[in-house]
Amino acid sequence: INNHFSEKINLQDLADINYVTSNYLSRLFKQITGINLFEYLQTIRLNHAKTLIVSTNEPISLIAQKCGFGDANYFSYCFKKVESVSPLQYRKLNS
């Protein structure tokens with residue numbers, strides 16, 4: 001997950017790769033990490049996005065795409081929900 005966060009990842013594909021059911025993988029993942037797979041993946045993606053926002057001048061839409069978000073608006077929504085500021089505001093505050 002950490003190496004492929006920018007790709008489309010879903011629970012069923014991960015379960016198939018590991019020869020287990022999706023329900024079992026989901027339960028095991030939450031038991032080990034304390035959060036579900038989707039929350040973990042989103043955290044990884046947002047942390048990488050924060051690094052790119054501060055360290056590059058790339059457009060937010062490109063950063064969203066590079067981090068595995070298919071839609072820049074959805075990325076902005078998720079980012080603001082976690083950081084309480086928009087990606088552009090985050091860039092201004094941290095540059």
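**Exercise 1. Classify Tyr77 by its accessibility, and state which surface patch it belongs to.**

Solution. Tyr77 has a relative accessible area of 52%, so it is exposed, a class that requires over 50%, whereas buried means under 20% and partly exposed lies in between (1.4 Å probe, protein chains only). The model is predicted, so local features need pLDDT of at least 70 and side-chain atom pairs count only at pLDDT 80 or more, while totals for chains, interfaces and linings use all residues. Residues are numbered from 1 along each chain as its sequence is written, and side-chain values use heavy atoms, with hydrogens and water left out. Tyr77 lies in helix 5 (residues 72–83), and together with Phe38 and Tyr74 it forms a nonpolar patch on the surface, with about 350 Å² of accessible area for the three together.

**Exercise 2. Determine whether Leu14 is buried or exposed, and list its contacts beyond four places in sequence.**

Solution. Leu14, in helix 1 (residues 11–17), has a relative accessible area of 18% and is therefore buried. Leaving out residues up to four places away, Leu14 touches Ile1, Ile9, Leu25 and Leu37, where contact means heavy atoms within 4.5 Å. For Ile1, which is 13 residues apart from Leu14 along the chain, the C-alpha separation is 9.0 Å.

Note on methods:
Patch = residues over 30% accessible without salt bridge, like charges linked within 9 Å, V, L, I, M, F, W, Y side chains within 5 Å. Areas by Shrake-Rupley, 256 points an atom, 1.4 Å probe, with all protein chains shown as cover. Salt bridge = Lys/Arg side-chain N within 4 Å of Asp/Glu carboxyl O. Helix = DSSP H or I, 4+ residues; strand = E, 2+ residues; numbered from the N terminus.
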